[in-house]
Amino acid sequence: MFALWYLTFAVDEIRKQDTMVDAAVLAKLEEGYAKLAASDSKSLLKKYLTKEVFDNLKNKVTPTFKSTLLDVIQSGLENHDSGVGIYAPDAEAYTVFADLFDPIIEDYHGGFKKTDKHPASNFGDVSTFGNVDPTNEYVISTRVRCGRSMQGYPFNPCLTEAQYKEMESKVSSTLSGLEGELKGKFYPLTGMEKAVQQQLIDDHFLFKEGDRFLQAANACRFWPSGRGIYHNDAKTFLVWCNEEDHLRIISMQQGGDLGQIYKRLVTAVNEIEKRVPFSHDDRLGFLTFCPTNLGTTIRASVHIKVPKLASNKAKLEEVAAKYNLQVRGTRGEHTEAEGGVYDISNKRRMGLTEFEAVKEMYDGITELIKLEKSL
């Protein structure tokens with residue numbers, strides 16, 4: 001009888017240790033939370049991390065990788081100017097810390113509630129989209145990208161250096177099997193020649209270390225181990241390995257031929273998925289590091305010059321909002337428009353199919369060009 005009692009006691013103690021959060025982590029959480037609560041931060045983290053939610057989550061850890069609430073919110077605690085402020089250190093975090101993730105996801109993705117289920121993946125008829133700017137007056141370039149995570153691996157903060165290298169090796173060998181228009185070369189960041197590095201920077205291909213939001217989220221460890229870039233011979237197809245997500249798959253070119261660009265992306269995603277299984281959730285769709293990039297993970301964008309609309313930024317924002325578009329500066333998030341050139345993309349990635357997400361951008365850009373012409 002005593003033996004059974006002792007065994008039960010021992011199992012309980014092990015479980016407690018398994019779920020107990022380190023005292024130093026708790027102290028950091030309490031201090032960071034107090035500073036955030038007292039700040040004038042406009043982040044979604046501050047909006048939804050109430051004292052009740054904080055107290056409910058601060059002692060929780062994810063089952064497999066033992067990620068804590070600090071791993072989830074440390075970027076937003078350090079950067080009070082964050083728009084969102086949270087990341088998922090591993091796929092289980094979306095469930096364990098759902099009390100925080102769910103309302104942020106609902107707010108960002110235009111009402112995707114915790115009772116909602118993301119639809120099955122559907123790229124639709126790729127021949128539907130044409131050129132949004134056939135006369136080449138407004139659209140400088142077009143890009144469609146998506147993020148993917150490799151099944152069986154955590155996200156950046158939990159990856160070991162050995163895992164980074166293992167993933168890079170898998171990605172490199174997978175991409176080397178691509179044929180036709182997608183055929184190209186993989187360039188590891190480790191040991192990259194200066195001339196190659198400069199060329200990739202000049203082409204605006206090379207991602208850099210140093211994003212403070214990602215660094216605060218512990219996403220840049222072991223840099224540049226396990227990171228690399230692949231591009232096809234025509235430089236219209238690109239894959240980033242282990243930048244923010246395990247994979248960023250990108251199709252792009254000059255001008256506004258969205259149809260051609262979208263078709264290339266869909267072909268590539270389907271080819272890669274045959275060789276590398278992706279991390280997917282029945283409710284949230286494709287899982288990635290940042291909650292703004294779940295579901296379809298599709299971001300279709302244009303660099304567009306609309307000088308008349310740009311002189312009335314409020315009007316530009318109003319039309320963009322009507323079509324669920326996001327207006328950013330020329331170099332993306334946290335940048336200004338250079339020479340009146342804006343980066344405009346679909347904002348919603350959840351609760352709709354890949355085809356519907358791209359169609360929102362297509363319809364919105366068509367409307368913006370129409371409006372610019374009429375002014």
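This is a predicted model: local features need pLDDT of at least 70, side-chain atom pairs count only at pLDDT 80 or more; totals for chains, interfaces and linings use all residues.
**The whole chain**

Start with everything in cartoon view. Along the principal axes, the C-alpha atoms fill a box of roughly 85 × 45 × 40 Å. A compact globule of 375 residues would have a radius of gyration near 21 Å, and the value for this chain, 22 Å, agrees with that.

Next, colour by accessibility. Of the 375 residues, 51% are buried. The accessible surface comes to about 17400 Å², and carbon and sulfur atoms account for 52% of that surface. If you draw contacts between residues at least 6 apart in sequence, 73% of them join residues at least 24 apart.

Now show the charges: there are 47 positive and 53 negative ones, and their mean positions lie 2 Å apart.

**Helix H7**

Select residues 98–108, which form helix H7. Its buried residues are Ala 98, Leu 100, Phe 101, Asp 102, Ile 104, Ile 105 and Tyr 108. What covers them? Show helices H3 (44–48), H4 (51–57), H5 (69–78) and H6 (93–96) together with strand S9 (325–328), which are included in that cover. Then step just past the end of H7 to Gly 110, where phi is positive, at about 65 degrees.

**Asn 156**

Move on to the loop between strand S1 (139–148) and helix H8 (161–175), and pick out Asn 156 there. Is Asn 156 buried or exposed? Its relative accessible area is 1%, so Asn 156 counts as buried.

To see its surroundings, leave aside the neighbours within four places in sequence and display Tyr 164, Asn 218, Ala 219, Arg 221, Arg 227, Glu 243, Glu 244 and Phe 289, with which Asn 156 is in contact.

**The cysteines**

Finish by selecting cysteine sulfurs. How many disulfides does the structure hold? The count is zero. Cys 158 is in no disulfide, and the nearest cysteine sulfur, that of Cys 220, is 14 Å away. Cys 158 is also buried, with a relative accessible area of 18%.

Cys 290 is the last stop. Its closest cysteine sulfur is in Cys 220, and because the two sulfurs are 14 Å apart, they are too far for a bond. At 10% relative accessibility, Cys 290 counts as buried.

Conventions: Residues are numbered from 1 along each chain as its sequence is written. Side-chain values use heavy atoms; hydrogens and water are left out. The radius of gyration is taken over C-alpha atoms; the globule rule is 2.2 Å times the number of residues to the power 0.38. Buried means under 20% relative accessible area, exposed over 50%, partly exposed in between (1.4 Å probe, protein chains only). Contact means heavy atoms within 4.5 Å. Accessible areas come from the Shrake-Rupley method with a 1.4 Å probe; for residues, only the protein chains shown count as cover. Lys and Arg count as positive and Asp and Glu as negative; His and the chain ends are not counted. The place of a charge is taken as NZ of Lys, CZ of Arg, CG of Asp or CD of Glu. A disulfide is a pair of cysteine sulfur atoms within 2.5 Å. Helices (H or I, at least four residues) and strands (E, at least two) are DSSP runs, numbered from the N terminus.
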